[in-house]
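Subject: Handing over the structure

Hi there,

Here is the structure I promised to pass on. Please have a look at it first, and then read my notes below.

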Amino acid sequence: MATTVDLNEIEEFEDSPADLEVKIKKLAHLVGGSKHLVVFTGAGISTSASIPDYRGPNGVWTLKAQGKKPKAGRSFDDAIPTPCHMTLKELQDRDILKYVVSQNVDGLHRRSGILKERISELHGNCYLEVCWSCNYEQLRHHTVRQKSNPLNGKCKPCLKRVPHFCHCILSDKCVKCKTQMRDSIIHFGENLPEKALDLAYKNGKKADVMIVFGSSLRVSPANDIPEETVEKGGKLVIVNLQKTPLDGSAHLRIFAKTDLVCEMLMRELAMPIPQFIPHRIIYIGNKHEQLASQLPTPKEAAATPVENKHRWTVYLRGESGTDLTPFIAHVDFHLHSSFSPPLVTVKAPPYEVTKIGWGVFQVKIVVVQNNGMVSEYKHELDFSREDTYTKHTLYLQQTVSDEVEEGVKHISL
């Protein structure tokens with residue numbers, strides 16, 4: 001809020017090129033030698049994506065405190081992860097970065113490829129819907145927060161959490177328990193999500209190195225987490241253009257833009273910063289149940305041992321309930337030739353096929369996207385467990401023609 005801005009503390013500073021080089025070498029040494037590296041991020045890591053920060057010289061709250069109208073930034077839907085975001089993704093994939101604690105609501109961490117289990121989004125994610133009844137989550141491709149909600153001030157469950165706003169997404173019900181879905185954004189005066197906060201504190205205490213990227217560290221209780229690292233003997237690094245209340249506790253203090261620091265850091269570590277390629281994580285698998293009786297025909301039932309009769313479903317679904325309909329035109333399931341028809345085309349979710357059979361075989365799944373891209377996957381039916389699946393990346397734009405990655409062939413029409 002504008003009242004949280006101290007106009008005497010908005011000045012920005014930058015280290016000299018020579019000082020920055022020395023600090024980057026120290027940072028690379030800390031990162032390379034870390035055992036449990038945690039990164040804490042604020043709005044400053046998304047400014048190069050044209051999303052304004054809050055307390056910078058041109059921040060949303062700063063301008064409001066000065067009686068000025070904030071400038072419109074880029075839509076979250078049009079923003080893409082910055083070099084800082086992609087650096088964190090690379091460090092995560094190399095198992096150097098163990099956890100991310102984020103104050104950002106723009107969804108760019110998850111979009112970059114930060115895993116759900118490796119991040120606490122303390123202030124929510126504008127693309128994430130949650131069910132307060134069963135804790136089911138669904139990650140959407142569009143922002144889910146409703147700017148105008150007729151239930152504001154009238155919804156009793158929401159009034160218990162925050163008196164001035166209703167989280168209900170009127171158009172969506174939970175696919176599991178059929179209760180109202182809600183946005184995950186945390187408002188001033190509202191408690192932070194308990195599980196996310198607990199994991200953030202646990203990782204903060206465990207961290208031997210914590211790097212703060214792009215945060216003024218002025219919002220409580222999130223700003224307590226870096227202090228936990230220091231109190232437990234870990235080293236705190238702060239990368240921010242403005243001064244912060246924790247500068248005196250920092251082992252290393254860097255005044256520079258986060259993208260520049262990440263680019264220099266990765267050069268020092270001899271690691272690439274991956275290019276962001278729009279994608280979604282999908283799961284392909286099969287569920288099954290063993291049948292005691294009744295196969296499709298009496299002849300098949302008589303010829304097949306009871307223990308080999310299964311009703312199975314082969315499926316494709318998005319991670320965390322991600323809505324894939326904006327990207328997928330249809331999914332083709334190529335079954336064994338003994339099935340009629342052997343090719344089943346599914347044009348709307350759920351993308352799945354259910355059959356009764358007794359033998360295992362390899363199913364070919366072909367995903368045809370609205371943009372003409374085609375991705376092929378193969379899944380071997382498995383009846384040893386109730387649900388067997390593998391994780392894949394569905395790329396939403398072409399990168400390399402006839403690219404083969406992780407056994408998945410991506411081709412364009």
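How near do the axes of helix 1 and helix 8 come, and at what angle do they cross? Helix 1 (residues 17–33) and helix 8 (residues 258–268) have axes that come within 9 Å and cross at roughly 65°. Axes here are lines fitted to C-alpha atoms, for helices over the stretch in contact, and angles run from 0 to 180 degrees between N-to-C directions.

Before going further, a word on the source. This is a predicted model, in which local features need pLDDT of at least 70 and side-chain atom pairs count only at pLDDT 80 or more, while totals for chains, interfaces and linings use all residues. Residues are numbered from 1 along each chain as its sequence is written, and side-chain values use heavy atoms, with hydrogens and water left out.

The mean pLDDT (the predictor's confidence in each residue, from 0 to 100) of the chain is 84, and 81% of its residues reach 70 or more. Two stretches call for care. Over residues 59–66 pLDDT stays under 50, and the model has 33 contacts there beyond four places in sequence; contact means heavy atoms within 4.5 Å. Over residues 399–413 pLDDT also stays under 50, with 28 such contacts. Where pLDDT is low, the predicted coordinates should not be read in detail.

Overall, the chain has 9 helices and 20 strands. These are DSSP runs numbered from the N terminus (helices are H or I with at least four residues, strands are E with at least two). Of the 413 residues in the chain, 51% are buried, where buried means under 20% relative accessible area with a 1.4 Å probe, protein chains only. Among contacts between residues at least 6 apart in sequence, 64% join residues at least 24 apart.

Back to the helix pair. The crossing of helix 1 and helix 8 is right-handed, that is, the near helix is turned clockwise from the far one by less than a right angle. Helix 1 contributes Leu-20, Glu-21, Ile-24, Lys-25, Leu-27, Ala-28 and Val-31 to the contact, and helix 8 contributes Leu-260, Val-261, Met-264, Leu-265 and Glu-268. By class, that makes 9 nonpolar, no polar and 3 charged residues. Here Ala, Val, Leu, Ile, Met, Phe, Trp, Tyr, Cys and Pro count as nonpolar, Asp, Glu, Lys and Arg as charged, and the others, Gly among them, as polar.

In helix 8 the buried residues are Thr-258, Asp-259, Val-261, Cys-262, Met-264, Leu-265 and Met-266. Their cover includes helix 1, helix 3 (83–93), strand 8 (209–213), strand 9 (235–239) and strand 10 (252–254). Just after helix 8, Ala-270 takes a positive phi of about 60°.

An open sheet of 6 strands has the order 3-2-1-8-9-10, with parallel pairing; two strands pair if DSSP finds at least two bridges between them. Strand 3 and strand 10 are at the edges with a single partner strand each, so one side of each is left without a neighbour in the sheet. From one strand to the next, the twist averages 10°.

Within this sheet, 5 of the 6 residues of strand 2 (residues 97–102) are buried, so strand 2 is largely enclosed by the rest of the structure. Strand 1 (residues 37–41) is joined to strand 2 by 5 bridges, and Phe-40 stands opposite Val-101. On to strand 3 (residues 119–121), strand 2 has 3 bridges, and Val-101 stands opposite Ser-120. Helix 1 lies across strand 1, strand 8, strand 9 and strand 10, at about 130° to strand 10.

The other sheet I looked at is open too, with 4 antiparallel strands in the order 15-12-11-18. Strand 15 (351–357) and strand 18 (387–395) are its edge strands, each pairing on one side only. Strand 11 (residues 279–290) is joined to strand 18 by 9 bridges, and the partner of Ile-282 in strand 18 is His-392. Strand 11 also pairs with strand 12 (residues 310–318) over 9 bridges. Lys-287 has Asp-387 as its bridge partner in strand 18 and stands opposite Thr-313 in strand 12.

Best wishes

Methods. Buried < 20%, exposed > 50% of the residue type's maximum accessible area, 1.4 Å probe, protein only.
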